[in-house]
Amino acid sequence: MSSLNKSPFLRIFLSYAPLIMLFFSVFNEFDFNYLKLDYFAFNFVHLLIFFWTLRNPDQLGYLAIFFAGIVNDVVIGIPIGISSFCYLILCSVTAYIRNITLSPNFMKDWISLLFTILLINSIQIIILDLVFLIKVDYTNYLINSGFTFLFYPIFFLFFNFLNERISYQTND
Amino acid sequence: MATGRDDFVIAIRSAFLKKKDKQKFSLLTLIVLSIFVIVLSNFNFKAIQFLKLGINEVIYRSSHIASIPEKKFGDLISEIRSHYDLHESHQKELIKIENIEQFKLLNDFLTAENEKLRELLDESISSNEIFARVLIDKDSPYLKSVVLNKGTKDKVKIGMAVLDDVYLVGQIIEVNYTNSRALLLSDLNSKIPSVLEPDDIQAVISGTGSDFGKIEHTQEDYAQDLENKEIIAYTSGLGGLFKPGIPIGKIDNISDGKINFFSDFTQLNYVKIVSYKIGGEG
């Protein structure tokens with residue numbers, strides 16, 4: 001087990017894990033954002049960016065997030081730049097929370113996430129519907145925001161475990 | 001109070017301008033850049049168009065490659081499922097074949113009669129078909145669309161119809177050099193001029209964002225006329241893009257105006273991109 005922990009491959013893989021997950025989810029056809037289930041969807045990318053830019057921003061660069069947004073826009077077919085803009089707004093909120101918080105608190109993060117996803121989904125709807133005149137389903141957005149908020153604790157546990165492993169490997 | 005405001009300003013300034021050790025760009029720079037990209041993508045300058053085409057080409061191909069393992073896994077599951085359902089589906093197919101044979105005879109007669117009538121009207125419909133493979137069918141809550149592996153190099157143009165066998169599934173909305181994007185009928189932005197048979201009622205079939213469409217812009221009392229009838233929606237050809245008579249979907253319950261598309265948009269692998277030339281010039 002200890003030899004596995006010291007494996008250079010595992011260390012490199014773990015250090016790039018958030019980035020791999022981010023690009024895998026924007027490039028891949030499978031999307032938690034649209035699960036073909038009625039009234040159930042959540043935005044995995046929002047959860048991923050929120051957690052990592054809040055807890056360990058060194059693992060997920062802003063430039064990578066910007067490019068992931070561009071890829072997401074092209075793949076799902078909306079005007080280029082919208083997702084990048086929304087992801088970076090999410091990063092701004094997490095950077096602000098990081099600056100005003102001395103000791104991280106899960107509940108505060110969770111509540112902040114709700115306001116943040118409501119804000120960025122509103123921005124996205126305004127840009128798509130009012131600026132680009134692309135019809136969007138408001139109910140979908142609302143359901144998506146609700147489930148993204150509700151699923152944070154589950155993904156928090158997973159990302160936190162991963163973050164601890166990364167820290168352990170880095171400090172080893 | 002002033003100290004609180006100062007703290008807020010410092011926190012905001014730090015969030016937007018300060019770079020962490022591994023961050024190469026500040027947030028503000030990237031936000032400005034993304035706004036610049038949004039604004040720029042609205043202009044139709046040649047340089048921007050080429051850049052957009054280049055980005056689309058690279059990302060569509062990369063996304064297709066990244067989705068291969070997931071697609072293989074999906075194929076494997078459907079293969080196992082079809083293996084288990086073999087006997088049941090075989091019995092169903094036998095009944096279907098018997099019915100189809102009866103309809104085919106009737107259809108042959110009607111097709112011949114239709115051709116004769118068109119000749120009398122001096123009207124001809126010619127079509128150009130391009131077969132394409134679906135590269136990406138990533139569903140999203142924003143746009144219902146698929147990316148196809150044929151583009152301007154194969155003479156695909158915006159507005160061409162996309163068919164799954166004989167059923168209409170959408171139309172081309174974006175064309176790159178080697179690929180194109182088709183907007184599916186289920187998308188909220190899709191509007192297809194259609195005709196409801198057997199009563200020949202004109203309507204527009206709109207997408208709903210779900211896997212069904214709805215009837216719009218038709219006569220108010222259409223539901224009474226079509227009560228207890230099996231209604232099939234076909235393209236009316238009024239938009240000038242599609243030929244009349246391409247099957248779109250079936251209406252099971254007229255009162256809710258819901259139309260079930262013939263084609264299952266989640267199972268599209270190969271489609272036909274078709275352009276029609278309608279006219280009396282022969």
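Me: What share of the contacts in chain B between residues at least 6 apart in sequence join residues at least 24 apart?
Reply: The share is 56%. This is a predicted model. A pair counts as a contact because its C-beta atoms lie within 7 Å.

Me: What makes a residue of chain B count as buried, and how many percent do?
Reply: The cut-off is 20 or more other C-beta atoms within 10 Å of its own. Buried residues are 27% of the 282 in chain B.

Me: How many helices and strands does chain B have?
Reply: Six helices and twelve strands.

Me: How do you know how α3(A) and α5(A) are placed against each other?
Reply: Two packed helices are described by the angle and the distance between their axes. For α3 (residues 44–55) and α5 (residues 82–100) of chain A, the axes come within 9 Å and cross at roughly 35°. The crossing is right-handed.

Me: Which residues make that contact?
Reply: α3(A) brings H46(A), I49(A), F50(A), T53(A) and L54(A). α5(A) brings Y87(A), L90(A), C91(A), T94(A), I97(A) and R98(A). By class, seven are nonpolar, three polar and one charged. R98(A) is charged because Arg counts as charged.

Technical notes
Residues numbered from 1 in each chain as written. Chains lettered and ligands numbered in written order. Predicted model: local features only at pLDDT ≥ 70, side-chain atom pairs only at ≥ 80, totals over all residues. Helix = DSSP H or I, 4+ residues; strand = E, 2+ residues; numbered from the N terminus. Buried ≥ 20, exposed ≤ 12 C-beta atoms within 10 Å, placed from the backbone. Contact = placed C-beta atoms within 7 Å. Axes fitted to C-alpha atoms, helices over the stretch in contact; angles between N-to-C directions. Left-handed = near helix turned anticlockwise from the far one by under 90°.
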